[in-house]
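Good morning, and thank you for coming. Please have the sequence and the coordinates open while I speak.

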Amino acid sequence: MSTAVSVTTASAVTPASTAFVLSPISTRAAKIRQKYRTTRPKICIARYKIVTEFYKENPQLQGILKRAKNFKNLCEKLPVLINEDEVIVGCQATSYRACALYPEISFSWFLDELKAGTIPLRNSDPYDIDEEDAKYVLETGDFWRKECLSAKVDKYIPDGYFKAEGNGVLLYGTKNTSQSPVGHFAANFDKAINKGFAAIRAEARAKMDAMEGAMFGDSVPRYNFYRAVTLVCDGIITLSKRYAQECRRLAALETDAARKKELDGMADSLDWIMENPCRTYHDAMQCMYLYQIALCLDGQQHGISFGRVDQYLGSFYEADIEAGRITHEQAQEMLDLFYLKVAEMNKIWPAYATQSGPGYTSGQLMTLGGVTKDG
C-alpha cells in the first residue's frame, strides 16, 4: 500500500453541506503519479558509500558526535536529485523511487540476501540493484557485521534474557536484534518552519559558550549534545542551499519560460528556508519535506512521521490566498505533488518482514484534522 493519501483532495466545502468537492488532478500530478505506479524500485548505494567511508575514517568518534558529523557529511556529499516537473524536492537516493541503505543500524540480513541473489526475485517488494553496486557492497559489507548497532546491542543482552528466549511472549531473539527498527515519532516541524535552523544553532551555541571553562558532572554530555545540534543545523542548511544551487543550474538550461521561472522560485525558497523562518505556503511545505529527508538520512525512515500537516501549513495557505500570492488550484497541486514525494520514499526490509507489510511501505504517517495545540 502507498504511503500517500489520495492526490485528489478537497477543494471546497459548501456552507450548507459537509460534502467535499474533489479537485481535478493536474496534468503534472497525473504524470508523476503514473511514473510512481510504473517505476520498479531499486537500491541506491550513494548513502552507503558515504557512511562506510566516514565510519572507516573516523573510528575515534563515538556516540552523538559521530552521528552528527556523519549527518553533516551526508548533507555535504550526497548527490542532490531534482526530477522533471518537481516543485517540492529532496531525496535520499540518486534515482527515482530508489531506496537508501542504512548499514550502521542493521546489515547482516541484507548482506545474506544480497549474496544469495534473492532481492530482485522476491514475491513481495523486490528491488533491483546494479551489478557493480552489489559487488561494492559485498566487498565492503563485512565491516558492518560487527560495527552496526544491531550487532553491538547483541553483546549487551542481559543474561536472564537467554533463559526466556522462545517463550512466545518476547519479540526479539538473542542475535540480530532489531533488524528493522522503527521510529514512531514526529519531530518539531512547527519549530523548523517558523523559527529556522540558524536561530536553533545560535541557541545551542549560546548554551555551549555558557558552559566553557566550567564543565563538571553531566556538563560534558550536555555540551556535546549542543555541539551536535550545531553540526546538524550546519548540515541541514548546507543541504538546502545545495538544492538551491541545482535548481539554478537547471534553470539556466531550461528553455520553457514557465518552468524556468518555477525553478528560479524554487531556488529562492531553498536558499532561504532551513536557515530562516518560512515566508510562504511553498516555503513551509518545502521546509517540512526537506526536514523529513534530513531525519530519514540519519534515522532510516520507517515510522518517522509528519504529524499535524494541517497545522504546519494552514496559516501559510490562508495568508497566501488572502494576499493573492497563490490560487487554490496551485496550492492543491503543490499538496498533491508533496503527497507523491512522500509516497516515492521507501526502505528495504528483510524478506520475511515484507510478508506482513508488503507494498514498499516506509511507515510515514500524517494526521489531518483535530484540535490545535491550544485545544
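I begin with C287, which is buried because its relative accessible area is 1%, where buried means under 20%, exposed over 50% and partly exposed in between, with a 1.4 Å probe and protein chains only. Two remarks on the basis of what follows. This is a predicted model, in which local features need pLDDT of at least 70 and side-chain atom pairs count only at pLDDT 80 or more, while totals for chains, interfaces and linings use all residues. Residues are numbered from 1 along each chain as its sequence is written, and side-chain values use heavy atoms, with hydrogens and water left out.

Let me stay with the cysteines. Across the whole structure, a search finds zero disulfides, a disulfide being a pair of cysteine sulfur atoms within 2.5 Å. C287 is in none, and the nearest cysteine sulfur, that of C278, is 4.0 Å away. For C99, the closest cysteine sulfur belongs to C44, at 8.3 Å, which is too far for a bond. C99 has 0% relative accessibility and therefore counts as buried.

C99 is also one of the residues touched by K347. Is K347 buried or exposed? With 4% relative accessibility, K347 counts as buried. K347 is found in the loop between α15 (328-344) and α16 (351-354); helices here are DSSP runs of H or I of at least four residues, and strands runs of E of at least two, numbered from the N terminus.

I turn now to helix α10, residues 197-211. F197, I200, A204, M208 and M211 are buried in α10. These buried residues fall within an arc of 75 degrees seen down the axis, so they line one face of the helix; the arc is that of the directions from the helix axis to the C-beta atoms. In general, an α-helix has 3.6 residues a turn, so residues three or four places apart point the same way. The cover over the buried residues of α10 includes α9 (189-194), α11 (219-253) and α13 (281-299). Just after α10, G213 takes a positive phi of about 80 degrees.

Technical notes
Contact means heavy atoms within 4.5 Å.
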